[in-house]
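Colleague: I have a model open and want to learn how to read it. Can you take me through the features one by one?

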Amino acid sequence: MRQYAGNRIGLAIVGALLLLAGAYAWLRGRGKLPGLPPRAKVLPARTAEAIADQPWALWAAALGLALLALVTLRWLLICLGWGRWGFRSGTGTAMLCVGLKDVEGLSRAGVRVVGDGVRLRVGVTCPPSADVGAMAGKLDRDIVGRIRREVCDDEVGTIVRLHVRRQSARQAARQASD
């Protein structure tokens with residue numbers, strides 16, 4: 001599952017739960033729920049007495065909700081891109097894509113400048129059918145040097161991450177039938 005799909009599914013679930021809770025609270029406040037008098041207590045008498053007898057239960061619930069809020073805040077900050085190092089280089093990414101234009105199925109390519117031009121991070125994602133050795137050689141001989149000269153300095157350290165995607169079951173079945 002891609003990260004964005006997971007984020008959308010998570011947002012849909014949380015949004016639906018909040019919508020249901022809001023609708024329940026609104027109907028409860030207006031006294032429109034069938035079977036409940038308008039001034040009915042929120043908790044049944046037994047549950048209210050059990051919570052009153054065990055004061056740690058409210059503290060445990062408050063701690064659980066605070067932890068949930070922190071986890072949610074962390075998720076939001078990661079989705080917004082905070083905590084990533086450096087910034088994207090559009091020029092470097094364009095040069096990388098032009099240099100790898102003959103690679104079939106190239107799905108992701110990017111260049112990131114980390115620090116004040118201290119280091120470059122180059123990321124390339126390719127299909128399993130790509131010639132990884134030729135691509136690594138081409139990156140090493142030509143492309144990375146050009147990107148370094150154009151974006152920062154020729155002496156800048158560069159980390160190249162070459163990721164080869166797994167073949168999906170659908171692609172394997174298609175190749176087997178051909």
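Modeller: We will go from the overall layout to the sheet, then to single residues.

Modeller: This is a predicted model, so local features need pLDDT of at least 70, side-chain atom pairs count only at pLDDT 80 or more, and totals for chains, interfaces and linings use all residues. Residues are numbered from 1 along each chain as its sequence is written, and side-chain values use heavy atoms, with hydrogens and water left out.

Colleague: How many helices and strands does the chain have?

Modeller: First, the rule. Helices (H or I, at least four residues) and strands (E, at least two) are DSSP runs, numbered from the N terminus. Here the chain has six helices and four strands. Along the sequence they follow the pattern α-α-α-β-α-β-β-α-β-α.

Colleague: In what order do the strands lie in the sheet?

Modeller: The general idea comes first. Strands of a sheet pair through backbone hydrogen bonds, either parallel or antiparallel. Two strands pair if DSSP finds at least two bridges between them. In this model, four strands form an open sheet with the order β1-β2-β3-β4 and mixed pairing. The edge strands are β1 (87–88) and β4, and each pairs on one side only.

Colleague: Which strands run parallel, and which antiparallel?

Modeller: Take them pair by pair. β1 and β2 run antiparallel, joined by two bridges. There, F87 stands opposite V113 in β2. β2 (residues 108–114) and β3 (residues 119–126) also run antiparallel, with seven bridges. G110 has G123 of β3 as its bridge partner, and V111 stands opposite V122 in β3. β3 and β4 (residues 157–164) run parallel, with eight bridges. G123 is partnered in β4 by R161. T125 stands opposite H163 in β4. V124 has L162 of β4 as its bridge partner.

Colleague: How does the chain cross from β3 to β4?

Modeller: Through helix α5 (residues 132–151), in a β-α-β crossover that is right-handed. Right-handed means this: with the strands pointing away from the viewer, the path from the first strand over the helix to the second runs clockwise.

Colleague: Which residues of helix α4 are buried?

Modeller: Start with the cut-offs. Buried means under 20% relative accessible area, exposed over 50%, and partly exposed in between (1.4 Å probe, protein chains only). In α4 (residues 90–99), the buried residues are G92, T93, L96 and G99.

Colleague: Why do they line one face of the helix?

Modeller: Seen down the axis of α4, the buried residues fall within an arc of 130 degrees, so they line one face. The arc is that of the directions from the helix axis to the C-beta atoms. Here is the general rule. An α-helix has 3.6 residues a turn, so residues three or four places apart point the same way. The face of α4 turned away from its buried side carries the exposed residues G90 and V98.

Colleague: What covers the buried residues of α4?

Modeller: The cover includes β2, β3 and α5. Such cover is judged by contact, meaning heavy atoms within 4.5 Å. For the chain, take contacts between residues at least 6 apart in sequence: 60% of them join residues at least 24 apart.

Colleague: What share of the residues is buried?

Modeller: Buried residues make up 16% of the 178 residues in the chain. The chain exposes about 13,800 Å², and carbon and sulfur atoms supply 61% of it. Accessible areas come from the Shrake-Rupley method with a 1.4 Å probe; for residues, only the protein chains shown count as cover.

Colleague: How many disulfides are there?

Modeller: A disulfide is a pair of cysteine sulfur atoms within 2.5 Å. By this rule the count is zero. C126 is buried, with a relative accessible area of 0%. C152 is partly exposed at 28% relative accessibility.

Colleague: Where is D131 found, and is it buried or exposed?

Modeller: D131 is in the loop between β3 and α5. At 54% relative accessibility, D131 counts as exposed. The C-alpha atoms of D131 and E104 are separated by 9.8 Å, and the two residues are 27 residues apart along the chain.
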